[in-house]
Amino acid sequence: MNNKEYLEMAKNRYGSLKYFTIEGNVLFLNNFKIPLINVQLSSLNPSLFELNPTEIFQIIYMLELLYKPVINEEEKKFIFNYVTAYLKLNDAALEGQNVNNNELWCLSIPIYKSYDSELIQNGGSMAIQEQMNNHNNEIETGRGNHMALVLTNPNLPNGSYPLNTNDSIEDLTRAGFTTIILIAGAVALTCLYIAFFIFNS
């Protein structure tokens, strides 16, 4: 089944696709177009077609860019903006914010595909990898506005996040109070011990 046949069939199921047309294996959305050289619509995960038309178009365009050995400045700028939007959504999800998981997963499709062995040396893939590496380095060194990566002991159970702030404050208060009692007790015992030797010498 070619792309045009698949699109016409899929339009009956996915409302977002009614805005697309294909002529001569070129995908059109309003005044925008993408020659479908490498992407077969039937091979894409159907979850993609549940997004809004603009996001569908951008993901398909990103997938086509991955196959280009060399990309121009406009294409590189598009990739940068796309990856920035993806990272922002991904960081929000990692910080426990409510995000559209299907949107996040679908936006990640070109990101992960850029690491395929047959694409990894192409211009689009290398642009994605560079931006992803820079972002990860910022997180690891604490330069970015993101949660820093922390090494944990794999033998210890991970707690649930985010922590309940009130519980944490109460735990810290109890811990601090206990510490004060222990220190005061140790000081008192030391004084009694010294006094005992002074009065018995």
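## Helices α2 and α4

Helices α2 and α4 are roughly parallel to each other, because their axes cross at roughly 10 degrees and angles under 35 degrees count as roughly parallel. This description, like the rest of the report, concerns a predicted model. The two axes come within 9 Å, and the crossing in which α2 passes α4 is left-handed.

On the α2 side, the contact is made by E55, I59, M62 and L63. On the α4 side, the residues that take part are E103, C106, L107, I109, P110 and K113.

## Helices α2 and α3

Helix α2 also packs against α3, at an angle of about 125 degrees and with the axes 11 Å apart. That angle makes α2 oblique to α3. Here, too, α2 passes its partner in a left-handed crossing.

The residues of α2 that meet α3 are Q58, I59, Y61, M62 and L65. Their counterparts in α3 are E75, F78, I79 and Y82.

The model contains an open sheet of three strands, arranged in the order β1-β2-β3 with antiparallel pairing. Strands β1 (20-23) and β3 (32-35) stand at the edges; each has a single partner strand, so one side of each is left without a neighbour in the sheet. On average, and with direction ignored, neighbouring strands are turned by 25 degrees against each other.

In general, strands of a sheet pair through backbone hydrogen bonds. In this sheet, β1 is joined to β2 (residues 26-29) by four bridges, and I22 stands opposite L27 in β2. Four bridges also join β2 to β3, and these two strands run antiparallel. F28 has K33 in β3 as its bridge partner. Between β2 and β3 lie two residues, and the strands form a hairpin. In the turn, N30 has a positive phi of about 55 degrees.

## Helices packed on the sheet

Strands β1 and β2, which are joined by four bridges, are both touched by helix α1 (residues 3-10), which packs on the sheet. The direction of α1 makes about 155 degrees with that of β1. Helix α2 (residues 53-65) packs on the sheet as well, touching β1, β2 and β3. Its direction makes about 35 degrees with that of β3.

## The nonpolar core

The largest nonpolar core has 42 residues, and those with the most contacts inside it are L41 and I60. Two or more residues are given to this core by each of α1, β1, β2, α2, α3 (73-94), α4 (101-113) and α5.

I60 illustrates how parts of the chain meet. Leaving aside neighbours within four places in sequence, I60 is in contact with L27, I34, L36, V39, L41, L44 and L48.

## Residue S125 in helix α5

S125 is found in helix α5, which covers residues 123-141. Its relative accessibility is 0%, and S125 therefore counts as buried, the limit for that term being under 20%. Not counting residues up to four places away in sequence, S125 touches L66, S114, L119 and I120.

How values were computed:
Residues numbered from 1 in each chain as written. Predicted model: local features only at pLDDT ≥ 70, side-chain atom pairs only at ≥ 80, totals over all residues. Heavy atoms only, no water. Buried < 20%, exposed > 50% of the residue type's maximum accessible area, 1.4 Å probe, protein only. Contact = heavy atoms within 4.5 Å. Pairing = 2+ DSSP bridges. Axes fitted to C-alpha atoms, helices over the stretch in contact; angles between N-to-C directions. Core = buried A, V, L, I, M, F, W, Y, C linked by side-chain atoms within 4.5 Å. Parallel < 35°, antiparallel > 145°, perpendicular 65-115°, else oblique. Left-handed = near helix turned anticlockwise from the far one by under 90°.
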